[in-house]
Amino acid sequence: MLEKIDTGLNTIYRLCGYLSALCLALICPMVLANIIGRWMGVFVPGTNEIGGYLMASAGTLGLAYTFGLNGHIRVSMLVDRLGPSLRKPVEILSLVVAIALVGFLSRNLIDMVLLSYDYQDRSSGTDNMLIWIPQIPMVLGFVVFSISIIHVIVASLFAGRTVFVQRDTI
Amino acid sequence: MTELFPVIAIILILFVFLGFGVWIGIALLGTGVATVLLYSDMNFGPAMATTVWSSLSSWSLTSLPLFIWMGEILFRSNLSVSLFEGLSPILRRLPGGLLHVNIAGCSAFAAISGSSAATLATVGKMTIPQLKAHGYPESLSLGTLAGASTLGLLIPPSINMIVYGVVVDESIGRLFIAGVIPGLVLSLLFAGYVFAWGMLSQQGRAMREQSVSMREIGYGIIKIMPVVLLIGGITGSIFFGFAVPTEAAALGVVGALVVSAFQKTLTKDTFIKSLLGAVATTSMVMLLLVGSSFLNFGMSLSGLPGLLADWIGSFNLSPLGLLVCLTLLYLVLGMFLDGFSMILLTMVVVEPMVRDAGIDLIWFGVFMVMVGEMALITPPIGFNLFMIQAITGKDIGFVARAALPMFLLMFLCLVLLIAFPQMALWLPEYMNR
């Protein structure tokens, strides 16, 4: 059962990573459309804004995926020097700090989207889009990131899995 | 002075977070929360959400993932091999021989891949054994590798410049162009050092590579064309005003896909892997940006950066004095932080100081990227030194000694940049906008 949840969650992170890749790839044609439009003297409305939305979606949907790859940078100089008995509580402490902050941010992002939806806010740019639509993928990215942090905490507390060793900076 | 206690408290909080290994972006977010709590009793949750949304959904940021993706595509092509095969006939007859190929190849590859770690891993692995087989002293081949792999960060497209430009809200295009001449000067300094070794030392004089025919040079030029066209096209289109950096990046992605297709390395597998690689780097930078955007919000609420700038101003430091202090600060920070984190962590407070001192923010971007590069090879614990140690298995002391001349040349270039600010500011003057 627990293993099923574990693999299920990992699949979700990977799927979000693929979604993020899709958004990233779509930025390119969006920018190209703008260039071609300019050459032909046609104004393509909304490309800049949509590029920005894709940017936010690509950057946040990949957060959990990158977390799983140990891709987020941290200063591991001191933590690496700790013995195994001290290292685990310190690692868990920083994970708890992470979930407190990312969780708080995610909750407020959900509130923001709900508010945009209630008021049917529109973008002030030339795209005139209902702003909650592009906000959804970003919120999803942060929520999945929060889940992945909790996942690692639970796994290291109860499943006895080693808390992961981060790759170094850069 | 007492009004500076909160500053000390906030710096302490940040360092406790960092020391405990909290991910840097999250540590910045937490420090932002601490700052807001210290200075106001507002309900900051909604402000946090809107700050994060508006800083991430930014069009000027889109050049970042595109350039990263371009680098990932080229990283998976045979570009590094053909670059070296092409540069060798062109440069190997110079005194210093294949070491020039090492310098030019590493800087070019670092420029387009945007990562000195990737450059060391691909190019270094290829050239170190070759240089050894040709009998070049290992200290020189490792030293030039260390130096040149960081030098590429100055030459467009530079990811660090994009992050800097977004943070201080300066034109990324101008920053790119401003980095060109300092980057060239630095590479000429490296090449000059190798040239002098080839002319003056006994060992260097003894090393002469076999002669080349015009035909070989012609083939060499064809082989390096893709790299020349990519870097030249990106820089040129920005310089002449045909494209803004984001557009140049999108065209760069198309160019990289074409190069990869021509080399028959473009498969479904490499395409997806290059995208996922770009996702990982982009998300890593995004988390940093999330934290720094809210820290920025907290800082502007507190008014601390202005206070700190006034305090620094009260010492009546000359701009030069300020720059010396900042250089030292960044070299120390560079021991445990990477370039992006360093920019995002410090610019909140450093920007007003620098503006107050009347220092041009474009120039400062070049300065900052250059100091960040130096930090990568600062003996004894620069990050690239460890990378080279890992690749070659050499002792870190040996690697550090090998890189020391390059570090000193970078320092010389930094002195030149401070003495002649026009080095960075001259070329952007002529940009078409």
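The contact between the two chains takes 60 residues from chain A and 57 residues from chain B, where contact means heavy atoms within 4.5 Å. Please keep in mind that this is a predicted model, in which local features need pLDDT of at least 70 and side-chain atom pairs count only at pLDDT 80 or more, while totals for chains, interfaces and linings use all residues. Residues are numbered from 1 along each chain as its sequence is written, chains are lettered from A in the order in which they are written, and side-chain values use heavy atoms, with hydrogens and water left out.

About 4,900 Å² is buried between chain B and chain A, and carbon and sulfur atoms give 82% of that area. Buried area here is the accessible area (1.4 Å probe) that two parts lose on being put together, summed over both.

Which polar links cross this interface? The count is 6 residue pairs in polar contact, both residues being at pLDDT 80 or more. A polar contact is a pair of N or O atoms within 3.5 Å; within protein, one must be able to donate a hydrogen and the other to accept it, and residues adjacent in sequence count only if both atoms are side-chain atoms. The rule also finds 1 salt bridge across the interface, that is, a side-chain nitrogen of Lys or Arg within 4 Å of a carboxyl oxygen of Asp or Glu. Arg38(A) and Glu247(B) meet in a salt bridge, at 3.1 Å from N to O.

On the side of chain B that touches chain A, α14(B) gives the largest share, with 13 residues. By class, that side has 43 nonpolar, 12 polar and 2 charged residues. Ala, Val, Leu, Ile, Met, Phe, Trp, Tyr, Cys and Pro count as nonpolar, Asp, Glu, Lys and Arg as charged, and the others, Gly among them, as polar.

Helices (H or I, at least four residues) and strands (E, at least two) are DSSP runs, numbered from the N terminus. Is Thr60(A) buried or exposed? Its relative accessible area is 0%, so Thr60(A) is buried; buried means under 20%, exposed over 50%, and partly exposed in between (1.4 Å probe, protein chains only). Leaving aside residues up to four places away in sequence, Thr60(A) touches Pro137(A), Met138(A), Gly141(A), Phe142(A) and Leu56(B).

I turn now to salt bridges within the chains. Over all chains, the count comes to 13. In chain A, Glu91(A) pairs with Arg87(A), the closest N and O atoms being 2.9 Å apart. Both residues are buried. They are separated by about one helical turn, because they stand 4 residues apart in helix α5 (residues 84–119).

In chain B, Arg355(B) has two such partners to consider. With Glu351(B), the closest N and O atoms are 2.8 Å apart. Glu351(B) is buried at 18% relative accessible area, whereas Arg355(B) is partly exposed at 41%. Arg355(B) also forms a salt bridge with Glu170(B), at 3.9 Å from N to O. That pair links distant parts of the chain, 185 residues apart: Glu170(B) is in the loop between α9 (159–168) and α10 (172–200), and Arg355(B) is in helix α17 (residues 339–356).
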